[in-house]
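Hi,

Here's the structure I promised to send over. Have a look at it first, then read on for what turned up.

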Amino acid sequence: MNIKKAGLIFAICCSLVLSACHAGQSTVPLPEKEYNKVSMLWVVTTGKTDDFDLIQDEVNRITREKIGVEVDIHIASSFINLASEKQMLGKEGITIDVPIVHKWEPFEGVELDALLAEYGQGILSALSEEQLSWGQQNKKQLLLPSKGDNTISAGVAMRKDILDRYNIDAKTIGSLHDLDLIFQKIRQHEPTLKMISPIRTDGAFFARFYPWMGVNGHSYAVLDTKSGKIENIYETEEYAAYLALFRTWFLKGYLPDELFLQSLKAEELIKTGELFCFLSACKPGIEAELQIATGTPMVVVPLMQPKVTYSSATDIMWGISKESENPEAAMKLLNLLYSDPDIINLLSYGIRGMHYTQGQDTFIDFPAGIDITTSGYPPNIAWFAPNQSLSYLWKGYPIDVWEETEEFDRQATRSEVFYFFFEDEELEKKISDVKKIAEKYSKGLESGMIDPELYLPSMLEELDVAGMPEIMDEMNAQYRAWLGEK
């Protein structure tokens, strides 16, 4: 056999062997790649989740590739019922590895310091030392705050079409009391239009508008910045004046008929044309945010000095549950939530081309033929997201809204009682009784439903009997001692 023929036979044999190998491989399926499993909680404030399975698939495409993690996202429908929704998940035996947490609620979490050092560089880059301190206890990092608007401020959000129609200058409004004359003018022309609502119809006006410096965990106690003394809010002249105003609005028929009967967002009543205004947040970009939510242009006038309180700074936190079987994978996911714009925009706005489009100017908007009522995932403006500054800007937002938001937070007044915590164990029974009495009266008083001339004196009398004076004396004594230690 010559060399040429031998080479040909060898080549044919190799080809047959390789063909056999490929044929064999095609009949044996490759094992699926194993990913670390992590569950997280997310809130969909719009209530529409028709397309959320598609969004979760896209999130998992990113997390599998970048960190080797597969995410199971559980949906909550609102922050008002967040605690009860988490309890329901617990009863069903579902562990949330990465939950949304209010710092004041009971939570057993993993200490995060070592995990942050190894897997959390994106988090450490996103959050300032001050922000990180909000989630610490005994100098240990237990929770992480959302990087968003940590400042409390409030204003009145009004329909621009009504202001324009009746030549009303919003700049003349400097306080809640200034609204009464505007309501009278509009009512002459719009007898069936409701004038104002709390942020939810079954709530109270102070749920959004709260101009006092409150003591952490004790809504009945506020700091008088002039005297430096902590006072019972229900005894203050300012509180009584607001109650009288709310009662006037109620008696004049300015408030929604649904008050207390249904839990409707004021934005929904604006959307249906039933309402003129409501008390809203007041921050950079709020007018654009409300226009998206209501479908109509809104004008927001600030009515409260911006401030950062312990409550506003720690209201929305993120952590890792002690029940998590893989805290390392959970931290990797958290790190992406603070550093990866693709995931934040998927969760906030959905899938590009399906739920939104992006123009050359970087702003996003609905695709042609789609609006907030027809979208399978309307814009879920995620102010509670770990890092809202990674979100795209919806059409109408200021181009520098995230820079404005950071400056807004920096300039806001820090509460003088930010780190003061009342040690109340010895007065626990009295405090519980006081809170029950306040709860019995406050919602009706603070929504105008009941007459403050009749019920506020009754409330104050019951509070005194329950031990309010003793509580306030002890709180002030501890506050003076705390100031001395500072």
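A residue counts as buried when its relative accessible area is under 20%. Keep in mind that this is a predicted model. P367 has a relative accessible area of 11%, so it's buried.

Where does P367 lie? You'll find it in the loop between β17 (364–365) and α15 (401–411). If you skip its neighbours within four places in sequence, P367 is in contact with G353, M354, H355, Y356 and T357. Take T357: it sits ten residues from P367 along the chain, and the C-alpha atoms of the two are separated by 5.5 Å.

Next, a pair of helices. Helix α13 (residues 327–339) packs with helix α14 (residues 341–349) at an angle of about 80°, and their axes are 6 Å apart. Angles of 65 to 115 degrees count as roughly perpendicular, so that's what α13 and α14 are to each other. On the α13 side, L336, L337 and S339 do the meeting; their partners in α14 are P341, I343, I344 and L347. Sorted by class, this contact has six nonpolar residues, one polar and no charged ones.

Last stop: the second largest pocket, with about 520 Å³ of space in it. It's lined by 19 residues, and K86, P106, F107, E108 and S321 are the closest to its centre. Which helix gives the most to the lining of this pocket? That's helix α3 (residues 82–91), with five residues.

Note on methods. Residues numbered from 1 in each chain as written. Predicted model: local features only at pLDDT ≥ 70, side-chain atom pairs only at ≥ 80, totals over all residues. Heavy atoms only, no water. 1 Å grid on protein atoms, 1.4 Å probe; cavity = no way out; pocket = protein on both sides within 12 Å on 5 of 7 lines; lining within 4 Å. Points joined across faces, edges and corners; volume = space filled by probe spheres on them. Helix = DSSP H or I, 4+ residues; strand = E, 2+ residues; numbered from the N terminus. Axes fitted to C-alpha atoms, helices over the stretch in contact; angles between N-to-C directions. Parallel < 35°, antiparallel > 145°, perpendicular 65-115°, else oblique. Contact = heavy atoms within 4.5 Å. Nonpolar A, V, L, I, M, F, W, Y, C, P; charged D, E, K, R; others polar. Buried < 20%, exposed > 50% of the residue type's maximum accessible area, 1.4 Å probe, protein only.
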